[in-house]
Amino acid sequence: MANQSRVGELTNIENMFVSKRSKKRFWNNSFSNRLWLATVIMMTAGTGITVAAAVESPSTLVPEQTTAATARPNVTVDCVRRGTCAECAAAAPACSWSLVHQSCNDTAATERQLIEDPGDDGHHHPPTKPVVDAGSCPRFKVDYQKQTTMDATNRTLNVKVSNDPTGKFRALLERGQVLCHLNEMKFPGKVESGGRQITCQADHLESANSSLSSIVYFYTSVNGAALTFDDKRDHYLDFTVPRNACVTENPMGPSDECKVCLWDDDRAYRYYCQWCPKSNLCTGSYQQCDVRRLADPGRTVTVQDVFVQCPEVRIESIEPLYGSWAGGTTIRIAISNHRTLSENKVIVVKVADSRCLLPTASVDGTMITCTIPPTNSSALNQGPVEVTYRSEVNKLLPTFTLKSNQSFYFVEPVITNVWPSCGPVTGGTRVTIRGRFLDAGNTVRVYMRDNITCAVQTHSQNEVTCLTGASDGPSASAIRIEFDHYLNKYVYDPPFMYTSAPALDGGQSFRGISSGGTQLPVRGHDFACIRNPLVHVSYNGIQYTGSCAVRNDTYMVCTAPTINRPAPHQVTALLFGFQADYNNTIVKMPLPAGTPDYTLYPDPVYTNFETEGRTVTVYGLNIDQGYDQDADLSVLFHKTGVPCNVTSVQPDRIVCRPPKRLSFNDHGGRSDDGRVDGYGSGDDNDNNNNNDDDDDDDDLPAALVNDEIIVTVGNLVYEVKRKPQTRPRTFPIRINTIIFGGIALVSLIITIVAAIVYCMKIAMTISQQQTEMRSLCEHLNSTETGLGVCTGTETGSKGDVESAAAAAPAKDRS
């Protein structure tokens, strides 16, 4: 039953084939049909392969196409531009390679174009399925042999076919019409070795030798479809007729070899060019370029200008990459195989579309030099370098143009900084010039004044260094930087100054305190060129240093050094001096004759302070020695930071006064406008000390009354406490003091009066009791004489009265 069903399926497939054929492709007789069906049935029964796999029909390929379409629905691939089977299979399943047509197309279109291949054997064959797997792509290799003798040149030409696992392509070759093509000539090719080799007959090669050019485009076709070789260079054959010297055994070096290049450009042209030098024994000086359209490789086209894209024939480098727009820059262009290209040629060089003058080849033939002419345009531009070789002998030969990958830039050099700006008249100062595009061109020259050369030491894009020449005397002038003789840049600010060695003026004295930090004003000349100036003081064999700051060419300010553990309360004379870096050398600035030693004073000591009105007096020892009170001394209120303006300095005290109007971040006594209103009604600030004497009775604001004082002298910082009060306050008693004092006094009076009243009350009580006792005694004495009840005096004690009173009732009871 299974075999019967397979026979029925095959019958249906046969009917499908018949319905799709034209009348010319009907099978010749029913016997052939039955024979083919029987063969298929036997193969199917023996191998177990399904009918769909055994017979390649359009109906069996539709599901595969549907699957491929659904697998990559949004991918768009240009299949037609893929020229080889491997390239086409790389885009599968969207693309597939037709073995019959030797072309790449989208899979759906390829399957729709499937037709039966009639072959040349008089029999029809099923359609050849397209290739979608790179592993199934047939490979082609051209074997071209040329043997030269003194009498003739023998050539053999074969095409090797490999990698055909299914054997379909070899079967296609054996039953197809195979032709060999040499340029526009064609002749039959012979299929050998079971479709594994195509041989182009030698007799045809020899007959065609005389009519062909030196470069021959070769390909083979099967049923009119050209085979695409794996190596595109296999399509080009060298039919050059060698000279007799070529058959000798003289070896050729690398410089004598011909250079061959193959490339495709953006205009859909394919170029195959060959350059041979005159030193080549076989060819002599020889150049030829074969140009064809990619869409029609069987025909040559004429191109007048060839832009070479070849790794062996190219511009390797250009130097420099920057040049001034003013011109004068000489460009060096390194070109591989320039000697071969330039034989019998005129050379034209363009730099960023600007003609470069006087192109000259180097002795070894590897480099061209040319000079950019001066221009009047400062517009920046850039572009590649192009070198064109044009033949003046053979007008039919196209021009060859090489284009660099690097770009050349026309730039405007910019100077941003020059340092140092001065140096000694003896020269030798290293000057550093910084900026942009300082390597524009070949040469840079630097001049101090117009006639003093600064010898360039280093030269880069952002920096130029040079050493100054000697000057005939101190002077100042602009710096001139020259680029390639045509462009000059000037630096006017600051100008370069030639100076003498720095020195000090006479008549100066220097002093300081042990803690240091005070200012030492120094006067002299030629200070502008020194760097890192220092003052050094020697004490007990140790040298202490302080830094200096140059203010101008004749004045600098130094900081007195800190001297560790000096003798207390003793003034000491010490050796000292000055030094600085001058022209990259440490030089000592000699002291003028008669300059006294450095005077070291002990640190001032501050004990306390007191205020009187708005005047603050700070007390201490050694207060007025070793510093300048205007430059080094400052007095501040600690918490508020309010300055106290010094009015006088004496050996044991400092007198200062705060300004009238204050601003600080403290709420005590602060008014709405942000100022402290703690003084009199005057509006003037207390910057004028002449007006201070009129305001001595003004009080300090509340924010300053309880504040402490900070005294600073150089590096010395003192926190001074207020002096304890030893005399009554001179300011009026405030109302709250009066109220509390009155309350205390009234309370005291009330307490005293209460005590007196209480004492009088007790005394009256005692007197009354004594009166009652006397009255009782008199009564008792009058009623019973001799009772002896009141035996005491009239002023007896209370106990006697009580005893007598107790005795009277007892008598009555008896």
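**Terms and their cut-offs**

Tutor: Strand β26, residues 430–436, contains Thr432. Strands (E, at least two residues) and helices (H or I, at least four) are DSSP runs, numbered from the N terminus. This is a predicted model, in which local features need pLDDT of at least 70 and side-chain atom pairs count only at pLDDT 80 or more, while totals for chains, interfaces and linings use all residues. Residues are numbered from 1 along each chain as its sequence is written, and side-chain values use heavy atoms, without hydrogens and water.

Student: Why is Thr432 called buried?
Tutor: Buried means under 20% relative accessible area, exposed over 50%, and partly exposed in between (1.4 Å probe, protein chains only). Thr432 has 11%, so Thr432 is buried.

Student: What does Thr432 touch?
Tutor: Leaving out residues up to four places away in sequence, Thr432 touches Asn417, Val418, Trp419, Glu463, Val464 and Thr465. Contact means heavy atoms within 4.5 Å.

Student: Is Asp450 buried or exposed?
Tutor: Asp450 has a relative accessible area of 60%, so Asp450 is exposed. Asp450 sits in the loop between β27 (444–448) and β28 (452–459).

Student: Which residues touch the most other members of the largest nonpolar core?
Tutor: Among the 34 residues of that core, they are Tyr271, Trp275, Val308, Ile333, Val349, Val351 and Val387. A nonpolar core is a set of buried Ala, Val, Leu, Ile, Met, Phe, Trp, Tyr and Cys residues joined through side-chain atoms within 4.5 Å.
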